[in-house]
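Student: Hi! I'm new to this one. Could you walk me through it?

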Amino acid sequence: MATLIKDLESLEQKILEVRLAQKEFELFTQEKVDEIFKAASLAANRARMESLNEEYLKAKDLLYALGEAYIGIYYFNIESGNILITRQGDDMKALFSAHTKYEDMLDDYIRNWVHPDDRAMVRNFAAIDNIREVLREEGQSMFCEYMRVFDSGYKWVRMVFQATKCINGRPVAVIMAYKDIHDERETELRHKRELREALISAKL
């Protein structure tokens, strides 16, 4: 808490206190100095994690509302780059246990899980700059669909981002979720194929 200096006497007293504190600090051993800075660093980290957890708890209702339809649900703090796991499939545990930062995880995921034909699209879609460009208000969402590794083959999935916290039109935290849409997409493609074939037959 700041103290207002109202007169010269008070200013001189504060200067004296600072000088005495400086002399005391100069007598500290290097081990004591390291201990002080380590404690300060730990306190700052705890404060950041407490803030992240507070934001996560605020978004918890939304996370559970996504329901069982999503195979992976993650809370992503854009400012810190930290990720909290809410739900994930067994096949993704190794990926997220290896990374705690979003961009590291994304690079690994695209390189090893996304179909080669879709990698550039997913990278552009999931880039932090793109998320900030598209999501300007809390509740706004965006998604893309692509092929992802499942077992020994590929399946269609939908990646969704939804803003849960924005400050001055800038997203601070988002929900990131994955949904298996393979059967849905295959049905859609089959219907389109059947319609195309029917139209070709009608012209014969």
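Tutor: Happy to; let's go through the chain together.
This is a predicted model, where local features need pLDDT of at least 70, side-chain atom pairs count only at pLDDT 80 or more, and totals for chains, interfaces and linings use all residues. Residues are numbered from 1 along each chain as its sequence is written, and side-chain values use heavy atoms, leaving out hydrogens and water.

Student: What is the mean pLDDT of the chain?

Tutor: The mean is 75, and 65% of the residues reach 70 or more. pLDDT is the predictor's confidence in each residue, from 0 to 100.

Student: Which elements have the lowest and highest mean pLDDT?

Tutor: Helix H2 (residues 30–65) is lowest at 56, while helix H5 (residues 119–126) is highest at 96. Helices (H or I, at least four residues) and strands (E, at least two) are DSSP runs, numbered from the N terminus.

Student: How many helices and strands are there?

Tutor: Seven helices and five strands.

Student: And in what order do the strands sit in the sheet?

Tutor: The open sheet runs E2-E1-E5-E4-E3, with antiparallel pairing. Its edge strands, E2 (83–87) and E3 (141–150), each pair on one side only. Two strands pair if DSSP finds at least two bridges between them.

Student: How many bridges join E1 to E5?

Tutor: Seven, between residues 70–77 and 170–180. Tyr-70, for one, has Lys-179 in E5 as its bridge partner.

Student: New topic: which residues of H4 are buried?

Tutor: Tyr-102, Met-105, Leu-106, Asp-108, Tyr-109, Ile-110 and Trp-113. Buried means under 20% relative accessible area, with a 1.4 Å probe and protein chains only.

How values were computed
Buried means under 20% relative accessible area, exposed over 50%, partly exposed in between (1.4 Å probe, protein chains only).
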